[in-house]
Amino acid sequence: MKSAAEHREFVDLVEALRAAQDTITGASPPEDVARKAREGLEEVTRLLAPFTVSEAEQLAGYLITEPGHAQALAPVLHVDESSTEHVRGRLVLGRYYLGGNGAAHGGSIPLFFDDVLGRLANDGGRGTSRTAYLHVNYRKITPVGQELRVEAHVDRVEGRKRFVVGTIHDPEGDLTVDAEGLFVALRPGQP
Ligand SMILES: CCCCCCCCCC(=O)SCCNC(=O)CCNC(=O)[C@H](O)C(C)(C)COP(=O)(O)OP(=O)(O)OC[C@H]1O[C@@H](n2cnc3c(N)ncnc32)[C@H](O)[C@@H]1OP(=O)(O)O
């Protein structure tokens, strides 16, 4: 397991990237400010490109003790309680995930659940599986910028099939989304 303690600066770098994504998404800057910001980002790419590694050596997504696992793609679950069978926590969707009218982009929700349910599917020594399907029911808009409650648990395991379910509730306590994923355990040698 890769250690977040050994890669503190990288963890902070990914947090800064998340903040940049939120800020860029919400900004309408004058042209000279946009150009300066672009030049800053291009400098980041120039700085890091020589340190590109193979997937096996990659840090992003693999620093699993960190909220968000040092990966800027999926929304971050802040875990309050977890076991091999369940997880409870909080989620605040930043401006980056805005769809419209204060509601989260519909695609950000399955992205979030694929990560949360997928990790649970593989937890507890169950080994690697892949998403066969992800069924998401949007019951009410999921607001950005507010603290949401998340719960997920392994519903049942049938041979290679792991059914994992999850919910999101808004600050009023209303259900905004429920989801079910089927994760199929990989056979030896299966990519
Ligand atoms: C850093 C690490 C991060 C990890 C956490 C994040 C987790 C994220 C996980 C992913 O996002 S993986 C990427 C998205 N998923 C894929 O790319 C999967 C692509 N599909 C496949 O690889 C295969 O289709 C799959 C492994 C899912 C299943 O193929 P198999 O050939 O291994 O299984 P098979 O077809 O023999 O089916 C096994 C059982 O599952 C059932 N099944 C398979 N796909 C199904 C489906 N779509 N719907 C319902 N049932 C399904 C199938 O009917 C059967 O049921 P029974 O055993 O009861 O007969």
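Predicted model: local features only at pLDDT ≥ 70, side-chain atom pairs only at ≥ 80, totals over all residues.
Residues are numbered from 1 along each chain as its sequence is written.

The C-alpha trace of the protein chain spans about 60 × 40 × 25 Å along its principal axes. Contact between them involves 7 residues from domain 1 and 7 residues from domain 2, two residues being in contact if their C-beta atoms, placed from the backbone, lie within 7 Å. On the side of domain 1 that touches domain 2, 1 residue is nonpolar, 4 are polar and 2 are charged. In this classification Ala, Val, Leu, Ile, Met, Phe, Trp, Tyr, Cys and Pro count as nonpolar, Asp, Glu, Lys and Arg as charged, and the others, Gly among them, as polar.

The protein chain contains 3 helices and 8 strands, arranged along the sequence as α-α-β-β-β-β-α-β-β-β-β. These elements are DSSP runs numbered from the N terminus, with helices (H or I) of at least four residues and strands (E) of at least two.

An open sheet is formed by 6 strands in the order β1-β2-β6-β7-β8-β5, with antiparallel pairing; two strands pair if DSSP finds at least two bridges between them. At the edges stand β1 (77–82) and β5 (129–138), each of which pairs on one side only. From one strand to the next the twist averages 20°. Strand β2 (residues 86–92) is joined to the antiparallel strand β6 (residues 147–158) by 7 bridges, and V92 stands opposite E147 in β6. Helix α3 (residues 108–122) packs on the sheet and touches β1, β2, β5, β6, β7 (161–169) and β8 (175–185). The direction of α3 makes about 135° with that of β5, where axes are lines fitted to C-alpha atoms, for helices over the stretch in contact, and angles run from 0 to 180 degrees between N-to-C directions.

The ligand is surrounded by 17 residues, of which G118, R130, T131, A132 and V184 are the closest; a residue is near a molecule if its C-beta atom, placed from the backbone, lies within 6 Å of it. The elements giving two or more residues to this shell are α3, β5 and β8. By class, the shell comprises 5 nonpolar, 5 polar and 7 charged residues.
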